[in-house]
Amino acid sequence: MGGTWLLWFVPLLPLFGAAACGLIHFATLAARKHDANAKGPSGLAPVVACAAILGSLLLSIAAFKQLAGLPADARVIESAVWPWIHVGSLQLDISLVVDPLSAVMLMVVTGVGFLIHVYSAGYMKGDPGYAKFFAYLNLFVFSMLMLVLSSSLIGLFVGWEGVGLCSYLLIGFWYEKGWPAEAGQKAFVFNRVGDASFLIGSFILIKLFGTLDLSDINAAVAGVSADPEKAWWLTVGALCLFGGCTGKSAQIPLFTWLPDAMAGPTPVSALIHAATMVTAGVYLVVRMNPVFAFDPTVLTVIGTIGALTALVGGTSAIFQRDIKKVLAYSTVSQLGYMFLGLGSGAFAAAIFHLVTHAFFKGLLFLGAGSVIHGMHDEQDMHKMGGLRRHMPKTFVTFLAGAAALSGLPLLSGFFSKDEILAHTFAHGGFYFVLWGIGIVTAAVTAYYTWRMVALTFFGKERFDHHHVHPHESPALMWVPLAVLAVLSVFGGALGLPPVFHVVHVLEHWLEPVTAPGKALLAAHGTHELSHAMEWALLGLGAAIALGFAHFGFRTYVKGVERDESVQRNRPALADFLVGAWKIDAQYYAKIVYPSKLVAFVTAVIVDQFAIDGLVNGAGGLATATGNRLKLLVDGSLKSYALWIGAGAVLLALLWMFV
Amino acid sequence: MNPQDLLQLFDERAIEAVRPLLALSAGLIILLLSGVFDGLKALRGPIVVATLLFGGWLTASNFVTQPGVVLDGTYSADRAASAWGLLFVVATLLAWLFSHHYYAEDERPFQLEHDVLMLTTPIGMMLMGGAQNLIVFFVGLEILSIPLYALASFRRSRARSVEAGLKYFLLGAFAAAFFLYGSSLIYAATGTVQLAEIKAIGIHGPLALAGVALLMASLFFKISVFPFHLWVPDVYQGSPTPVTALMATGTKAAAFAFLLNAMFMLPAKAAVLVAVVALVTMALGNLGALAQTDVKRMLAYSGIAHAGTVLLVVAGTLAGDPESGGALHAALFYMGAYVFTAAGAFGLLALLERDGERFTSLESLKGLAHRRPVVAAALTLFMLSLGGIPATGGFLGKWMVFSSLVRAGLIWPAVIGALLSVIALGYYLRVVIAMYMQPASDRDAATQSVRGASAMPATLAAGVCAVFVLVMGVLPSLFLDRLP
Amino acid sequence: MDQLTLITFLPLVGALLVLLTPASQEKVLRAIALVTTLVVAVLGVRLYLQFDGASAALQCAVDKPWFVLPGSAIAVRYKLGVDGLSILMVVLTAVLMPTVILSTWGHIHKRVKEFMVWMLVMQTGMLGVFLATDLVLFYFFWEVSLIPLYFMVGIWGGERRLYATIKFFLYTLAGSLVMLVAVIALIYHFRTADIETLCAQAGSLELTKQLWLFAGFALAFSIKVPLLPFHTWLADAHTEAPTSGSVVLAGVLLKMGTYGLLRFGVDMFPAASLELAPLFMALGAVGIVYGAFLAMAQTDVKRLVACSSVSHLGYVVLGMFALTRAGLSGSILQMVNHGISTGLLFLLIGMIYERRHTRALDQFGGIASTMPIFAFFLVFTVLSSAALPGLNGFVGEYLILLGAFQAKPLWAIIGVLGVIFGAVYLLVATRRVLFGPVTHEENKHLEDLNVREIGLMLPMVVLAVWIGFQPTPFLDQSRGSLDRVMKKIELARGAQSAALEVQPLTTEEVVR
Amino acid sequence: MNVPSEHLLFLAAGLFAIGVLGFLIRRNVIIVLMCIELMLNAANLTFLAASRQHSTPQVANLDGAVFSIFVILVAACEAAVGLALIIALFRLKQTVEADSLSEMKG
């Protein structure tokens, strides 16, 4: 498939799908003009959308197979090049490349994407904007595929902002309610802040390497070490790119938009805010691992931010009442883990956790969606309870997902999370602190996960039976749940720890991509773990997971007393944690309101009063002096003659003496 | 001076040079005679037009044949003087056309006297334009001024007209006295009244300098430059509009024509002084106009500002403008454009003013674009030309004035002059805004404008002015190539 | 009749035709105007296709005698020509006008005849400015093109139209009169009025003279752009202008300022522009952020878009005075992009104004549910204006910021801030107009865009997407000219650095 | 013996000064008219004095004399027109006060 246009069809199919669904939507609008609740062709939309994603999935599998067939060192499939911006010596083109890393991402995006499309067909049925939803969803997959497949940073940026746009559109899908639109706008602005830093990073790369082609840049990084000034620029560039990642993958400074993004429909949260978009940052770091690995301080920064985000995300999820908010903060936390993994140089482990997270978090979100669907849009866990009898299938799959998330032994979450913690531990020195934070967060994760399970599926039924009759979701919704459950349970097989003397499938597969980064890191010392230490770490992880899971389940299986008691006697702590360490409040206080004030000052004081004042002042001055001069001409003959006489004398004197 | 010398003086070339003056005088006399016999009264109009056209034709032929300095060096009819002469004839013709049927019943019987007075002015102007001798200039000055004093107060029934006439007379005579005393001092110092000889002897000593100062004072009075300009608004507003048109265009042009000849008297170091006086005049004129509500008085102030602009050319020459004829070209083209624009503007005001003073206030111009679209369009064109917007003669005039300054190195006066003309556009636009962008007050909207044959000559004249202004803006080569 | 004279004066002929038809037949008047602009648009596209981007020379040049200045015998000629710097703007002017005329169907109902005359005269003025290659002819069109807009804002404008139109006219005129003195000084110094020879020779002037002349030109163009301190007229002019007037003002008239800075600043006085580049980059960058903050505080949606123009044109100036290849081509493309995106924004605001007769932001809300097609177009235009990759805005902005970064990283970073603030005020405005519950009763039953309104926006939407996906053909049109300009800048840079090193020679240099 | 021309010139200057002051001070318009005549005569005197001074017994420089004749001529015309205007003013305002001429101002 190399060098042909066929590879282009992987992203283009969803684009055509999006266009088709868009037309279907406008057709329904036209139909609805005559008869208010006419269905129009909107029923067709899910079929078209899912078909497009399926086509893309099949093409991806074909590409994956062809890639696997190639020898290890030449595992690259390139597509035809689309010449985009040519200015003087600068050539910015867009072309697609499938290499082991993007193949993995391809499978995740199209695979999980397809499942979520099927799920949405059921979930969104009856919504007036049914076709519009699928148009946006397909547009999102197109952008994500562009992001994942593009061979140059500029193409990647097209996908990068494209996913930002789709998340804006999808979060604000139910814009009539008002606050989803604000959440969407908040998400877009936060992304834009990240993108601004991303742009500066891209300028630095052009300044250093003259091109944005990723493979060329990765190859040229080694040559930079000679020139200290260039090295400094490369470090700044890497940090800028990472700034972009924090915006997209909701890391510490720019993460507060993710919890608000829950205003969008749940499949959106599953697809965008769990499986694909938020992982873009991780993908970027792994894709350009030499650039980030060149300067160890960059990795330390990434690791620290990852750990801190994990901690903040995890602790904020403990007392959340809204089931989707719990999962949102959990996503922030798990992403923190991935960046912690990247920080300690374990690129393959980060991708491994990314994949497993896509499975179990996607599952949990869809499960929560099915719960909400069953509970007629009720999201508050304090008004649920004992649903396991009403939704057995959702319950079982949700259980699998929760187990994987909390890192119970032998499940996918356990292996991927512990591998990251192992690598962090192996790194030693300052990373011990990060490892400590990681362990604490693992405990907290287990606690809030099983709190959620307990509050939702166990204990007293706290909902009002007259209005709410929970029912199991239709097949269209629980089949994807089942598939994801299987993947969450057996996903661990992709990357068993070395102690099991089985090849780490993913690490081996990603070897050609991560090799340059690893080589640069090796220059700063290799880190190996003895077998005994590994067994100890595995044991410790399993113990913590099981312990805290049990602790969390036990306290909440009876009901919400624990929450209420904390609310009563430690309100400050509860409020602090629910508000995600009050960071968002700080943003409003420190940035949003002051900027409104500055806007007011510039518009009224500086602009209208000062600058415009000067302009109008000049006009006013002219008319004022005009009026005063008018008095000079007082109509009296005498004064005119006086002026003439004085003028003549003045002229005479000036000529004689000047 | 016996008869032979007289004949020898009036040789063939002298006759040719003086022919236009003779033609105009003959026409004047015929016009006077036509008044005596009732039958010939109807011929009044055609006689005036015939005389002016014939005089104009003769001046044009002088322009080609260039008789040069004649009559023992007292009067020259070279290309410059002929060009100015042509301008004077045109100014008078336009003013006369606008005065056609302008006056109400009580002045109509004196229409003949009005035309006689108006016909004498070009003779005076030509003498001033061609004068190489102080006496000739003085005679020309009086031949021009005295009829204007009478014309200014022609509408005896209106207090304003009489006030304007008397003011103009008294201050005019006052200035003429200054001129006389100045030239007498120069004569005392140099012993001659011939410009050429004065130039040869040069201006030295306090007596001569005082003389030149007084002389210049009277010239500045005529041009209406800064310290001497206060009379202009009252006189222009008071006198009948066609007479104002003649005053604004003709007299200024004549005064400038002589100033350019007498410029040598000013010391070179006076360049900065003249530039300052010119800029102050522009400022006062523009700022003064900004405060006006009456269009006619506003145009008076704008006339002062334009006089200041042309004076800049004198400053430029004194400061050493490398181009030889620079000042003349600039002044001639600028005044040419100004004659057509100002005559047109005043003419249209006269046209609108048919029934009393009411029509010259800005308030009454509101919504004119609906009632009289053609008049409004022409007035807008004149306003833009006064403002110096391209595609009108005014722009190229301004261009040449500023280029003479820039060539002479006076960059900052040029920039200040440019910015002052922004103020000018402030009030010119006010007229356009009134006509196009403000609704007519109900009282004005009701009055029907005077239609019919009687307005024909005025509209013809306005049309000619508009065409000339546009042609001087878009195709200036027709005029520029013919500059002396 | 050669091509450029035809394309420049055809609108004037159309204006005369309109003048001749009686004012009562509005349909005929509009038809004539539309047909004329369509023919000009076709000619414009033909010119675009014929244009060879690689060559730096003036193409399809026209050279006829006009008049000779007396005394110094300097021949002022009627010279037209198009080159890489002006081709995009000429074509945009030609292509944009039919859309503008079509949009007048909706909002111009009184004195239609005069409006069409002024609109066509303006097109001649604008085309003249971009095509003139004789300095006097350029100045001629530069001031004449002011008058039509003056009348349009003054007669068909909003409540404070008189204040706005006087302010706009006198402000721009003050600048152009100062430029007049510079033009005269330049012409009389070099004894010629031909822009091409002046561009070649002006570099030879010594630096202080070049700086003064550059200052004279740059003042007039900065007012027109508008650059930061001189921008206060823009918001008033836009708010009070009729929709079609705003579209033309934003789409083309502002670009005369940036085109002037390019032709008479960077190209004519490379040394002076090199000297003043930091200042202009600073004004551009600060202008971006300042304009964004201005827009955030506006309550009138049209005034908001006007302030966004200040911000967008800050980009153009930032890119231009980076004096790098990417910056220059980015700024030229951004001139076109801004014309399209802001033009569309004004059209949309005009459409909503025609329905609700108000521009106050708080009067809207939830329009998306009643007018989905309008919502689609508004979101599309906002995204193009906020430089979403894949649409036209991004290509221009990316090149500008890259160019600026290569020259002065600090100003580029401030410019990148503009990307964030730009998104903020545009999205906040969109949300307040489109999203949220329908609070006002009138918004409930607004009828959506009709076929005419969609039709007139389609060409610009297609152009926006085309430039977004395939910008290279548009960028290549100015390749030849920009290479020429860059050579001149490199020369000036060499001279500048040589001048800097005038200190005493170090030992080893002496030895060598 | 004839009077040295300097004295004449000073006399003329005095006359001129009186004329100008009279023009500025006096309220009656007729008196103002007379003051103008005074100024004109001052010029005449200077002309004649200068003419005498510049002419030598052999060559008589008569420019001054010719000029003064013209001045007298013009003075007459001015007086005629001036008085006519004053009569028109009197008929309208029944006064000859110069200050009554201030209806137009500003």
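**Note on a predicted multi-chain model**

1. Helix 11 (residues 280-287) of chain A is largely enclosed by the rest of the structure, because 8 of its 8 residues are buried. A residue is buried if 20 or more other C-beta atoms lie within 10 Å of its own, exposed if 12 or fewer, and partly exposed in between, with C-beta atoms placed from the backbone. The buried residues of helix 11 of chain A are A:Ala280, A:Gly281, A:Val282, A:Tyr283, A:Leu284, A:Val285, A:Val286 and A:Arg287.

2. Basis of the note. This is a predicted model, in which local features need pLDDT of at least 70, side-chain atom pairs count only at pLDDT 80 or more, and totals for chains, interfaces and linings use all residues. Residues are numbered from 1 along each chain as its sequence is written, while chains are lettered from A and ligands numbered from 1 in the order in which they are written. The predictor gives an ipTM of 0.90 and a pTM of 0.91 for the complex. For chain D the mean pLDDT (the predictor's confidence in each residue, from 0 to 100) is 90, and 99% of its residues reach 70 or more.

3. Chain A overall. Chain A has 25 helices and 2 strands; helices (H or I, at least four residues) and strands (E, at least two) are DSSP runs, numbered from the N terminus. Its C-alpha atoms fill a box of roughly 115 × 70 × 55 Å along the principal axes. Of the 658 residues in chain A, 58% are buried. Two residues are in contact if their C-beta atoms, placed from the backbone, lie within 7 Å. Among contacts in chain A between residues at least 6 apart in sequence, 80% join residues at least 24 apart.

4. Helix 3 and helix 10 of chain A. Helix 3 (residues 100-123) and helix 10 (residues 266-275) of chain A pack at an angle of about 165 degrees, their axes 9 Å apart. This makes helix 3 of chain A roughly antiparallel to helix 10 of chain A. Axes are lines fitted to C-alpha atoms, for helices over the stretch in contact, and angles run from 0 to 180 degrees between N-to-C directions. Angles under 35 degrees count as roughly parallel, over 145 as roughly antiparallel, 65 to 115 as roughly perpendicular and the rest as oblique. The residues that meet include A:Val108, A:Val112 and A:Ile116 in helix 3 of chain A, and A:Ala270 and A:Leu271 in helix 10 of chain A. By class, this contact of helix 3 with helix 10 of chain A has 9 nonpolar, 3 polar and no charged residues. Ala, Val, Leu, Ile, Met, Phe, Trp, Tyr, Cys and Pro count as nonpolar, Asp, Glu, Lys and Arg as charged, and the others, Gly among them, as polar.

5. A:Asp418. This residue sits in helix 17 (residues 412-427) of chain A. A:Asp418 is buried, because 25 other C-beta atoms lie within 10 Å. Not counting residues up to four places away in sequence, A:Asp418 touches A:Leu537, A:Leu538 and A:Gly541.

6. Chains A and C. Among the 5 pairs of chains that touch, chains A and C have the most contacts. The contact takes 38 residues from chain A and 44 residues from chain C. On the side of chain A that touches chain C, helix 6 of chain A gives the largest share, 13 residues. That side of chain A divides into 24 nonpolar, 7 polar and 7 charged residues.

7. Helix 24 of chain A packs with helix 12 (residues 270-296) of chain C at an angle of about 100 degrees, with axes 7 Å apart. Helix 24 of chain A is therefore roughly perpendicular to helix 12 of chain C. A:Val598, A:Ala599, A:Thr602, A:Ala603 and A:Asp607 meet C:Tyr290, C:Phe293, C:Leu294 and C:Met296.

8. Other chain pairs. In the contact of chains B and C, 31 residues of chain B are in contact with 27 residues of chain C. Helix 19 of chain B supplies the largest share of the side of chain B that touches chain C, 13 residues. No contact joins chain C and chain D, whose closest C-alpha atoms lie 25 Å apart.

9. Backbone points to check. Most residues other than glycine have a negative phi, and most peptide bonds are trans. A cis peptide bond joins C:Val225 and C:Pro226, with omega about -10 degrees. Phi of B:Ser224 is near 65 degrees, a positive value; B:Ser224 is buried, with 29 other C-beta atoms within 10 Å. Phi of B:Ala391 is near 70 degrees, also positive, and B:Ala391 counts as partly exposed, with 19 C-beta neighbours inside 10 Å.
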